[in-house]
Amino acid sequence: MSNLETRPEERVGSAGATPQGGAAGVIEILEHRDVPLGGTRAMRVRRTIPQRARSLVGAWCFLDHYGPDPLPEIGDGTDGMQVPPHPHTGLQTVTWLFAGEILHRDAVGSLRTVRPGELNLMTAGRGISHSEESPRGARPPVLHGVQLWVALPGDRLGDPPAFEHHADLPVATAGGARVQVFLGGLRVAGTLLRSPATAYTPLVGAQVDLEPGARVVLDVDPAFEHGLLVDDGAVRLEGAPVPASSLGYVAPGRATLTVEAGADGPARAVLVGGEPFGEDIVMWWNFVGRSHDDVARAREDWQAQLVTTGGGGPNHGGTRYADGARDGRFGEVVGYDGGPLPAPALPDVRLRPRTRPAPPGPPTARQ
């Protein structure tokens, strides 16, 4: 699932400051906000990043949490999830499910259904388009999961697009907990779990399932900052309660993280983390760049390739290029039964990355 907001804000994302009190004793709670995707009656998600308090956790720049939703009740007259072909730049999309199925199509020719415990990872690079839909016919009756984005470093923004599907991801059990790593690496009970998926910055993404009263100690990289999203159940991170659908943030400096479930029932959470991202980014709609001009150019290129029939009717079969489209940047999605998704209007206010203060120079010698 992607960002279908009809009036998205343009945001500057930067590595945040350490919470007051330093890394030793503070768990920062980032509460979610409800976001309707595509209109007031559309599917709703709970978004924890980006937000004003903190826009990045490592290279993770976007976290939507949705469900459990009965499929017949999702959307405004649609058949389950129906996300038309739309573009991305400068990021990786991470699709991770707790329940249900999503069928992915993209402009590099991928056609793949993702299920719980499997990873769909799409790397946009300079540009890609894709669609997502609930499979037709027999399918699970509930959809539940997370959609995450990872910002690409500046030297990867011009890379060609790519797609990976991984169904065999590393798992470990310890202390009544089950940990599955879908991106990056994490050490659990002395065993290093490393995902085979491609990562361009040091990071980790993992699902943590806890039995009632279970407690697990995760060995983490002290250079990483971390966020723990609670999906279900009573969860404590380093002894601090993290409410459901909220993100518990931990600054760099810890070599271990302790996650506990309440005694009354099982719990599930998603751990994300990584080295603080060393670059400011600009995010708008489904684009990640380094300036307003980057996202404005991406929007212009996407709009130039949209083709519809009969004065705005559906273009059955996905997307194709309009006459005069600049360079076919986003490619074509074939097989989706409906037209591509037009981009919203750009905001009036142009945001640009903040200028970081220059480091102090050497002391001046006294005369």
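Q: Which residue is the bridge partner of Ile-102 in S9?
A: In this predicted model, Ile-102 has Val-114 of S9 as its bridge partner.

Q: Nice, and how many bridges join S8 to S9?
A: There are 4 bridges between strand S8, residues 102-106, and S9, and the two run antiparallel.

Q: What sheet are they in, and in what order do the strands come?
A: They belong to an open sheet of 4 strands with antiparallel pairing. The order is S6-S11-S8-S9.

Q: So which are the edge strands?
A: Those are strand S6 (82-88) and strand S9 (111-114), each of which pairs on one side only.

Q: By how many degrees are neighbouring strands turned against each other?
A: On average 20 degrees, with direction ignored.

Q: Let's go through its partners. How does S14 pair with S15?
A: Strand S14, residues 171-174, pairs with S15 in the antiparallel sense over 4 bridges. Within that pairing, Ala-172 stands opposite Val-179.

Q: What do S14 and S15 form, and how many residues lie between them?
A: They form a hairpin with 2 residues between the strands. Gly-175 sits in the turn and has a positive phi of about 55 degrees.

Q: And at the hairpin of S15 with S16, which turn residue has a positive phi?
A: That would be Ala-189, with a positive phi of about 50 degrees. This hairpin also has 2 residues between its strands.

Q: How many bridges join S15 to S16, and where is S16?
A: S16 covers residues 191-194 and is joined to S15 by 4 bridges, with the strands running antiparallel.

Q: How many bridges join S15 to S17?
A: The count is 7, and S17 (residues 203-210) runs antiparallel to S15.

Q: Which residue in S17 stands opposite Gln-180?
A: Another glutamine, Gln-207.

Q: Last one: what about S15 and S18, how many bridges join them?
A: S18, residues 215-219, is joined to S15 by 2 bridges, again with the strands running antiparallel. Here Arg-187 has Asp-219 of S18 as its bridge partner.

Notes: Residues are numbered from 1 along each chain as its sequence is written. This is a predicted model: local features need pLDDT of at least 70, side-chain atom pairs count only at pLDDT 80 or more; totals for chains, interfaces and linings use all residues. Side-chain values use heavy atoms; hydrogens and water are left out. Two strands pair if DSSP finds at least two bridges between them. Axes are lines fitted to C-alpha atoms, for helices over the stretch in contact, and angles run from 0 to 180 degrees between N-to-C directions.
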